[in-house]
Amino acid sequence: MNAKEIKFLQVFESFAKTSYLTDLESLKKYIKSFAAVDFNYAVNIWEYIAVNETALSSPVKGAFLSDVIFTALCDIAPAKTLKALSDNSILRRTAYQYSAAALSDARFTAFTDAILSSKFDAADDIIRILQKNTVLSFGEYMKKSIDRIIVELLKKNPKKIEMSRKLNEYLNSAVKKIKTDERTMLEQRLREIT
């Protein structure tokens with residue numbers, strides 16, 4: 001074993017002795033300790049907690065713990081955290097399906113950035129998950145997402161919104177999945193842009 005693995009096992013031993021389900025400050029401290037040894041170790045612990053607490057306890061508890069871990073990792077390395085989120089379907093599910101925070105933090109930015117950078121597979125996965133979210137309104141989420149996308153497009157050209165045909169088609173297909181009042185308004189907004 002090398003020094004990094006020994007350090008990880010020492011931190012893990014201490015972590016296993018804590019009651020991380022109820023002591024959130026301790027959970028944050030240990031996640032940051034894992035990340036200090038190796039960021040991927042912290043992501044693995046996040047995945048472990050997401051799988052086990054969602055299955056054993058409840059989806060809401062698993063999402064709450066996932067939110068705490070997500071925030072702690074974003075404090076350390078936001079780009080790495082968002083990459084881990086975009087690469088891992090288990091983390092995406094706990095981060096978007098059960099969480100109310102998915103509309104207000106870096107997860108929202110990750111979703112809109114995936115769309116703007118034409119990473120439609122990841123965005124489709126997030127959309128499928130968001131449709132199952134019982135805490136958030138999918139229509140409201142898409143409304144806020146499209147508003148942010150329009151703002152980002154205006155930053156590129158303040159005189160006229162230039163949206164690629166591919167992006168417009170993708171957004172229209174996503175809007176068609178909305179089952180609430182926001183659908184008609186967003187369809188009209190997208191027609192006005194093209």
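**Close-ups around helix H7**

**View 1. Helix H7 packs against helix H8.** Here H7 (residues 106-116) and H8 (residues 120-131) meet at an angle of about 140 degrees, and their axes lie 8 Å apart. This is a predicted model, where local features need pLDDT of at least 70, side-chain atom pairs count only at pLDDT 80 or more, and totals for chains, interfaces and linings use all residues. Residues are numbered from 1 along each chain as its sequence is written, and side-chain values use heavy atoms, with hydrogens and water left out. Helices are DSSP runs of H or I with at least four residues, numbered from the N terminus. Axes are lines fitted to C-alpha atoms over the stretch in contact, and angles run from 0 to 180 degrees between N-to-C directions. H7 and H8 are therefore oblique to each other (under 35 degrees is roughly parallel, over 145 roughly antiparallel, 65 to 115 roughly perpendicular, the rest oblique). The H7 and H8 crossing is left-handed (the near helix is turned anticlockwise from the far one by less than a right angle; clockwise would be right-handed). Phe111, Ala114 and Ile115 of H7 touch Phe120, Ala123, Ile126 and Ile127 of H8, contact meaning heavy atoms within 4.5 Å. Sorted by type, that's seven nonpolar, no polar and no charged residues (Ala, Val, Leu, Ile, Met, Phe, Trp, Tyr, Cys and Pro are nonpolar, Asp, Glu, Lys and Arg charged, the others, Gly among them, polar).

**View 2. Helix H7 also packs against helix H9.** With H9 (residues 138-156), the angle is about 60 degrees and the axes are 10 Å apart. That makes H7 oblique to H9, and this crossing is right-handed. The contact includes Phe108 and Asp113 from H7, and Tyr141 and Arg148 from H9. Its residues split into eight nonpolar, three polar and five charged.

**View 3. What's buried in H7, and what follows it?** Arg107, Phe108, Ala110, Phe111, Thr112, Ala114 and Ile115 are buried, with buried meaning under 20% relative accessible area, using a 1.4 Å probe and protein chains only. Just past the helix, Ser118 has a positive phi of about 60 degrees.

**View 4. Asp38 sits in a loop between two helices.** Asp38 counts as buried, at 18% relative accessibility. Its C-alpha is 9.3 Å from that of Glu5, 33 residues apart along the chain.

**View 5. How confident is the prediction?** The protein averages a pLDDT of 87, and 94% of the residues score at least 70; pLDDT is the predictor's confidence in each residue, from 0 to 100.

Note on methods:
Buried means under 20% relative accessible area, exposed over 50%, partly exposed in between (1.4 Å probe, protein chains only).
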